[in-house]
Amino acid sequence: MAEPNRSDVENSVTRRKTTLLKGMLQSPELEFIMEAHNGLSAKIVEEAGFKGIWASGLSMSAALGVRDSNEASWTQVLDVLEFMSDASSLPILVDGDTGWGNFNNLRRAVQKFHQRGIAGICIEDKLFPKTNSFIGEGQPLADMDEFCGKIKAGKDSQLDDDFQIVARVEALIAGWGLDEALRRAEAYHEAGADAILIHSKKSTSDEVVSFLREWGDRSPVVLVPTKYYTTPTSVFEEAGASMVIWANHNMRAAITAMREATNRIFRDKSLEGVEREVVTVSDVFDLMGNAELADAERRYLPKRADGARAVVLAASRGSSFGDMTEDKPKCMLEVRGQPLLRRLVDIFRAGGVRDVTVVRGHRKEAINLPDISTVDNDLYERGGEVSSLACAMDALQGPCYVAYGDILFRQYFIDLVEESDADITVVADAQWQARTSESGEWVRDFVTCTRPYSASYLVEDPAYLVSAGEDIAEDQRHGEWTGLMRLSEKGAQVVRDEIDAIRNDGSLNGMDIPQLLTRLAQKGQKIAVVYVSGQWLDVDDYADLIKAGQFL
Ligand code: SPV
Ligand code: MG
């Protein structure tokens, strides 16, 4: 069977909504629908438990800042309706005013509304441009026959059998009395209207109850008790009404609430007085379904290091720099006017890592970047790298990056590492032979892995670390560790446990990170190797500092 296409799916969603609205109108129970005027209020109506929505002309107009006099065009209303329909799974009965013209305009509106997921339309027998029923007296009514033709045209043009057309009788509003209301209702019913809305602006329900008594069960009848709001709802039920529309109270409640908050803030020149009176922004996120978006982002976006931490080891002086590192550690030497560490932290930040902890040692007070946390390894001179890492145990919570403080790398390294599912992942340069040193006074950490780098996309096995260190024989070197690794939550736990074990067996001092990695690999811990090809550097001497400037 062929896959359903998008418009089939949309049609079936709309069809379900039309069937729901029809079911409500035809059910023997008295049903209630609540006004909404945009996506937000539509969500609130659904959240409250209502089964349907009244898309009020008055409220949609007011929300747009215009009068209920067809000042918003029907296509502008259509756009609002689309948001409402997308925001809620409830069937929407639209206040179609007078149908925005003659039968022809209504035909088009019925089809466009259906395409946007609307379940039904209510049209009133007045003239375009309409006037709200509660304004003035003796509003002119539409010619009855012309209005019947409009109903017929609407029914003939609907794209789905269950789409509902409700005919709104304004005879009582216009002062014509019950007989005229019944005469018109009968004609509209004959013309094919699915239900009659009998409107009244009296403060009591007498005239609508009289209408209901006379009308009997010829068709479903809809009431709008905006003006006769003191009538108990049981009266409508006993009189046989089919549906009640609570027509404009979300819009009016919003005006009350917005005025209160706005005036208070204006008066107080402060938010404090209103903060507890309004919903929190996280309520707003919940209502708009941000959880679903976060879930979708996890499925569809490339992985980012958002939420990951970084621990940067920056305790060493960098003795090959001589006087230059007398009053500051190597990581604070400037690269194009900014400390090397600043550059490194910025790379992490751009990759989504927010929380950076720097382990300080030599001239620790010189490491004073405003947006980092620091811990100190006061015994850095004899302690070594793992002892520095041990000082940052609290920050060593996965997901977490560990990096030397004297490296720079392209930000995409982080994206590459985020793709790894391993608990410990190291980044190694497969092009290590291409790297040169002016002074030759450098220490390079080579890696031996379960397989060398391969350019073939057919290679599916990840490479894992076998051992790391400066003394790896040349024919065993598959790459050079860049000084960057990533630990998952579990990986961070493994490293913390290993540091504890190392401390306990007395071998903490002098141990470097490659030795720690080798120890873990030898114990069977899988350490994934992500190969890169250049695009990073470490700063060991003055020439490296110049290279770092060029690298940026
Ligand atoms: C609307 O909500 O726009 C209506 C109902 O038409 S009423 O304003 O009560 O006439
Ligand atoms: Mg209206």
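Which residues line the second largest cavity? In this predicted model, the lining consists of G57, M60, S61, D68, N70, E71, A72, V77, D97 and W100. Cavities are found on a 1 Å grid over the protein atoms alone, as sets of points where a 1.4 Å probe fits but cannot get out, and lining residues have an atom within 4 Å of a point.

Because this is a predicted model, local features need pLDDT of at least 70 and side-chain atom pairs count only at pLDDT 80 or more, while totals for chains, interfaces and linings use all residues. Residues are numbered from 1 along each chain as its sequence is written, chains are lettered from A and ligands numbered from 1 in the order in which they are written, and side-chain values use heavy atoms, with hydrogens and water left out.

The structure holds 2 cavities of 30 Å³ or more. Their volumes, each being the space filled by probe spheres set on grid points joined across faces, edges and corners, are as follows.

| Cavity | Volume |
|---|---|
| Largest cavity | About 160 Å³ |
| Second largest cavity | About 60 Å³ |

Ligand 1 sits in the largest cavity, where sitting in a cavity requires more than half of the molecule's atoms to lie within 2 Å of its grid points. This cavity is lined by 17 residues, with D95, N132, R168, H199 and A247 nearest its centre. By class, its lining has 5 nonpolar, 7 polar and 5 charged residues. Here Ala, Val, Leu, Ile, Met, Phe, Trp, Tyr, Cys and Pro count as nonpolar, Asp, Glu, Lys and Arg as charged, and the others, Gly among them, as polar.

Around ligand 1 there are 13 residues, of which S56, L58, D95, R168 and H199 come nearest; a residue is near if one of its heavy atoms lies within 4 Å. This shell divides into 5 nonpolar, 6 polar and 2 charged residues.

Oxygen atoms of ligand 1 make polar contacts (pairs of N or O atoms within 3.5 Å). A polar side-chain atom of S56 lies 2.6 Å from one such oxygen, and a polar side-chain atom of R168 lies 2.7 Å from an oxygen of the ligand. G57 contributes a backbone N or O atom, 3.2 Å from a ligand oxygen. Taken alone, ligand 1 exposes 280 Å², and the protein buries 100% of that (Shrake-Rupley method, 1.4 Å probe).

Technical notes:
A polar contact is a pair of N or O atoms within 3.5 Å; within protein, one must be able to donate a hydrogen and the other to accept it, and residues adjacent in sequence count only if both atoms are side-chain atoms. On a 1 Å grid over the protein atoms alone, a cavity is a set of points where a 1.4 Å probe fits but cannot get out, and a pocket is an open set with protein on both sides within 12 Å along at least five of seven lines; lining residues have an atom within 4 Å of a point.
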